[in-house]
Amino acid sequence: SSTVHQIQSGQVIVDLCSVAKEVVENSVDAGATTIEVRFKNQGLDSIEVQDNGAGIAPPNYESIALKHYTSKLSTYDDLSELQTFGFRGEALSSLCALSRFTVVTCTQQEAPRAAKLEFETSGKLKSTSVVSGQRGTTVIVEDLFRNLPVRRRELERNVKREWGKVINLLNQYACVQTGVKFTVSQQPTKGKRMILFSTKGNPTTRENIINVFGVKTMNALITMDLKLELVPTAGPLSRGKARADGSATEVRVLGHVSRPTHGEGRQTPDRQMFYVNGRPCGLPQFAKVFNEVYRSYNASQSPFIFADIQLDTHLYDVNVSPDKRTILLHDQGQMLDNLRESLIELFETQDV
Ligand code: ADP
Ligand code: MG
C-alpha cells in the first residue's frame, strides 16, 4: 500500500543529507563532469541537482522511479564488486513517496529535446512533456516530507543543524571528485541566489581543497600517501578471495592532514573527511587514530583530515545499512595498527 511505501521510503531518505547524498551519487554514477546543487530556503522549499551525465533514455522513463528499479546491477555477483554508488533502486522511488518529484533528462541522442517527467507518489510516471535541454539530468525535490507531518516539523525545527550537515557532506563530495565542476548555491525565500562554494574540475584533490577551504588551509596540510600492508588472515570476507600467492594485501590512505605544528597562523578548520574508495563515509575508528596521533604532537588543536582509504572491494562491505553509511572493513584492527605506525612515521619526518 502507499502508506507502507512511505514508511519504508523513510528508511532511505531520512533527512536533507540523504536526499543530497542519493541524488549527487546518481549524478556521479552517470559520469557527470558538472554537478550543480541548488537549494531554495535551505532545502525546505526545494533541492535541485543538475548534471551533464549520460541522461536517461526514453524506454526507461516508466521504470526509473519504481521500487527496486536500477540500471546498475547486472548480476547478483556484482554486489561485492560494486564500483557505482547506487544499486538498490530505492532512492528515486522513495523521493516520489516523500516529496513532489520531477526529473528533466536528456541523452546525447535526444538533445536538444529533453523530457520533463512527473511522478505519482507510488513512483508511477504521471506525465511526460518535451522541454529544451542539453545532455544530462536535473532532479527536483520539492516540499520534502510533505506527507509525513511529524518528520516535516522535525526538519523545520532542526533546519540549522541539518543545513550544517548537508553543506559538510557536499564539501566532502566536492573535495574528492576530481575532474568534476561541483557548485552549491542557496536562495532564501526572499532574496537572490548565492553560490556557497564551487570547484573547477581540478585534476587533484589538493586544488579541490583550495577551492572549497582556501589556500591558507591547504598550505597548513601535509599530503599523505600511506601504504598499509595487511598480512592475510582467515575471515568471512576474505574466504576464497585471498590473493592466490598468499602475499600481503595493500591498503592505501591518500589525502591531506594538518601539520601538527604549534605556530600561530597555522590554524586549520577541524574538518574531518573520510572516504572508502572515494565514497564519503563515517570511519570513527580511523578518526580516533588520526586524532590520537595528532594530539600527541599538538594537544591544543584538532586536525583537518581528508583521508581516502583505497582498498580492494573484497575487503569491505557497504551493504550493511540502507543508507550505505555504515561500512564494515575486514581486518580493521590490523589496518588501524598499521595506520598508527605510518602516521607517526609521517609526522616524524616532517619539520614540525
Ligand atoms: P540506483 O542508483 O540504486 O540505481 P536510484 O533510485 O537512485 O537507484 O535511481 C534509479 C535509476 O534512475 C538509476 O539506476 C539510473 O538508471 C536512473 N538515474 C537516476 N539518477 C540519474 C542521473 N542523474 N543520471 C542518469 N540516470 C539516473
Ligand atoms: Mg542511486
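Me: In S5, which residue is the bridge partner of Ala-115?
Reply: In a regular strand, side chains alternate between the two faces of the sheet. Now the case here, in a predicted model. Ala-115 has Val-130 in S5 as its bridge partner.

Me: How many bridges join S4 to S5, and do they run parallel or antiparallel?
Reply: Seven bridges link S4 with S5, residues 125–132. The two strands run antiparallel. They form a hairpin, with five residues between them. In that turn, look at Gly-123: its phi is positive, about 100°.

Me: What joins S3 to S4?
Reply: Four bridges do. S3 spans residues 100–106, S4 spans residues 113–119, and they run antiparallel. For one position, take Thr-102, which stands opposite Glu-118 in S4. S3 and S4 also form a hairpin, here with six residues between them.

Me: Now the helices. How are two packed helices described?
Reply: By the angle between their axes and the distance between the axes. Apply that to H2, residues 16–29, and H5, residues 159–176. Their axes come within 8 Å and cross at roughly 25°. Angles under 35 degrees count as roughly parallel, so H2 is roughly parallel to H5.

Me: Is the crossing of H2 and H5 left-handed or right-handed?
Reply: Right-handed.

Me: Which residues in H2 meet H5?
Reply: Leu-16, Cys-17, Ala-20, Lys-21 and Val-24. On the H5 side they meet Glu-162, Lys-165, Val-166, Leu-169, Leu-170 and Tyr-173. By class, this contact has eight nonpolar residues, three charged and no polar ones.

Terms used
Residues are numbered from 1 along each chain as its sequence is written. Chains are lettered from A and ligands numbered from 1 in the order in which they are written. This is a predicted model: local features need pLDDT of at least 70, side-chain atom pairs count only at pLDDT 80 or more; totals for chains, interfaces and linings use all residues. Two strands pair if DSSP finds at least two bridges between them. Axes are lines fitted to C-alpha atoms, for helices over the stretch in contact, and angles run from 0 to 180 degrees between N-to-C directions. Angles under 35 degrees count as roughly parallel, over 145 as roughly antiparallel, 65 to 115 as roughly perpendicular and the rest as oblique. A crossing is left-handed if the near helix is turned anticlockwise from the far one by less than a right angle, and right-handed if clockwise. Two residues are in contact if their C-beta atoms, placed from the backbone, lie within 7 Å. Ala, Val, Leu, Ile, Met, Phe, Trp, Tyr, Cys and Pro count as nonpolar, Asp, Glu, Lys and Arg as charged, and the others, Gly among them, as polar.
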